[in-house]
Amino acid sequence: MSIKLTIMDEMARVAREHGKTLAPLNDDVALLDSGLDSLGLAVLVARLEDRLGLDPFTTSDDVQFPVTVGDFVKAYEHGGH
Amino acid sequence: MSEKPHNVLVTGASRGLGLAIARRLSAAGYRVIAVARSKSKPLTEAIAEAEQSGRGPMHFAPFDLGKIEAIPDLVKNLRKEFGPLYGLVNNAAVGHDGALAMMHNSRIEELVRLNTLSPIVLTKYVVRAMMAEGAGRIVNVASIIGFTGYSGLAAYAATKAAMLGFTRSLAREVGRLGINVNAVAPGFLDTEMTHGLAGEQRQRVIRRSALRRLADVDDVANAVEFLLGDKARSISGTVLTVDAGTTA
């Protein structure tokens with residue numbers, strides 16, 4: 001499964017578990033409009049670290065958390081290294 | 001307890017209160033991961049005892065908690081080696097005392113780094129693992145000095161009060177994921193940290209306590225065990241004071 005598909009799959013799972021409805025996603029959708037709240041995003045990052053072995057937000061020097069879904073996916077695709 | 005023991009990380013477990021907590025949790029059947037810079041003789045003995053007793057196993061994880069930047073890898077490696085982390089006991093701390101006006105800035109910085117910054121960052125990475133599991137318990141070892149005054153401990157008090165605030169807000173943040181966050185606030189204990197508290201000062205603390213004695217490390221370890229157990233499942237965001245009534 002590609003990184004992007006893994007992320008989408010995990011977003012759907014977290015939304016389901018948290019009783020949230022996931023918005024139709026494309027790269028320009030803001031993460032906070034995706035249907036996941038900040039806690040949901042934290043769970044997402046924790047799960048993705050397990051599945052992908054990556055935590056781009058610890059390894060990156062960039063302090064800012066990505067705003068859009070596209071930027072979020074890119075952070076993982078660039079591997080955070 | 002289920003057939004597979006819950007993993008509990010205990011920091012500063014090589015001596016004093018941390019060692020007592022590690023022993024207690026092992027006796028209660030938890031698998032204890034004892035984090036400390038070096039393996040003290042008493043910790044080595046405790047690990048051997050745990051092995052012989054057939055109760056919860058105890059493992060030593062060497063780590064300098066002042067190395068904040070290495071904490072993410074520490075947690076990653078521990079999870080790889082031991083599996084899901086059920087509990088975290090943030091116990092490691094330094095107890096530098098002295099008049100603030102004369103305390104070296106490096107000592108103040110060390111207090112904040114080891115007593116506040118390090119446990120917050122460690123908790124960040126451990127709580128992520130707990131979030132992924134949807135369960136977990138965090139116990140922060142604060143101090144009665146976090147809410148009552150004692151001359152010579154202003155900087156130390158600031159770090160402990162910080163952990164109390166951290167406990168309450170984190171409890172709110174992660175509660176709906178099934179993670180409980182609490183603190184224990186020991187009074188003065190007879191450990192290496194309080195060696196400076198001798199003679200008349202010590203007697204004064206004893207005289208002021210409701211029970212006319214000091215609490216000991218085992219009293220505090222029992223409180224930690226309680227907060228990690230099933231019986232505390234509905235307790236979160238609270239502070240359990242264990243001080244023989246010093247602050248009553």
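Modeller: A salt bridge is a side-chain nitrogen of Lys or Arg within 4 Å of a carboxyl oxygen of Asp or Glu, and across the interface of chain B and chain A that rule finds 4 salt bridges. The model is predicted, so that local features need pLDDT of at least 70 and side-chain atom pairs count only at pLDDT 80 or more, whereas totals for chains, interfaces and linings use all residues. Residues are numbered from 1 along each chain as its sequence is written, chains are lettered from A and ligands numbered from 1 in the order in which they are written, and side-chain values use heavy atoms, with hydrogens and water left out.

Biologist: What makes A:Glu49 and B:Arg128 a salt bridge?

Modeller: Their closest N and O atoms are 3.7 Å apart, and the pair is therefore counted under the distance rule already given. The interface also holds 5 residue pairs in polar contact, both residues at pLDDT 80 or more; the term stands for N or O atoms within 3.5 Å, where within protein one must be able to donate a hydrogen and the other to accept it, and residues adjacent in sequence count only if both atoms are side-chain atoms.

Biologist: Which elements give two or more residues to the side of chain B that touches chain A?

Modeller: They are helix H3 (71–82) and helix H4 (105–133) of chain B, and H4(B) gives the most, with 5 residues. Helices (H or I, at least four residues) and strands (E, at least two) are DSSP runs numbered from the N terminus. That side of chain B divides into 5 nonpolar residues, no polar ones and 6 charged ones, with Ala, Val, Leu, Ile, Met, Phe, Trp, Tyr, Cys and Pro taken as nonpolar, Asp, Glu, Lys and Arg as charged, and the others, Gly among them, as polar.

Biologist: How many residues does each chain bring to the contact, and how is a contact decided?

Modeller: Heavy atoms within 4.5 Å make a contact, and here it takes 13 residues from chain A and 11 residues from chain B. The two chains bury about 1000 Å² between them, with 51% of it on carbon and sulfur atoms, where buried area is the accessible area (1.4 Å probe) that two parts lose on being put together, summed over both. On the side of chain B, B:Arg128, B:Met131 and B:Arg176 lose the most area to chain A, together 47% of what that side buries.

Biologist: Why are the buried residues of helix H4 in chain A said to lie on the same side of H4(A)?

Modeller: In this helix (residues 69–77), A:Val69, A:Gly70, A:Phe72, A:Val73 and A:Tyr76 are buried, a label for under 20% relative accessible area, with exposed meaning over 50% and partly exposed in between (1.4 Å probe, protein chains only). Because they cover an arc of only 160 degrees around the axis, they fall on the same side of H4(A), the arc being that of the directions from the helix axis to the C-beta atoms. What covers them includes helix H1 (3–17), helix H2 (38–52) and helix H3 (56–59) of chain A.

Biologist: How do you know whether A:Glu10 is buried or exposed?

Modeller: Its relative accessible area is 0%, and A:Glu10 therefore counts as buried. A:Glu10 forms a salt bridge with A:Arg47, the closest N and O atoms being 3.3 Å apart; since A:Glu10 lies in helix H1 and A:Arg47 in helix H2 of chain A, the pair ties together parts that are 37 residues apart in sequence. A:Arg47, at 8%, is buried as well.

Biologist: What does A:Arg47 form with A:Glu17?

Modeller: They form a salt bridge in which the closest N and O atoms are 2.7 Å apart, and this pair again links H1 with H2 of chain A, across 30 residues. A:Glu17 has a relative accessible area of 45%, and is therefore partly exposed.

Biologist: Why is B:Arg212 called exposed?

Modeller: Its relative accessibility is 56%, and so B:Arg212 counts as exposed. B:Arg212 lies in the loop between helix H6 (199–208) and helix H7 (217–228) of chain B, and its phi is near 60 degrees, a positive value in a residue other than glycine. B:Ala244 also has a positive phi, near 55 degrees, but with a relative accessible area of 9% B:Ala244 is buried.
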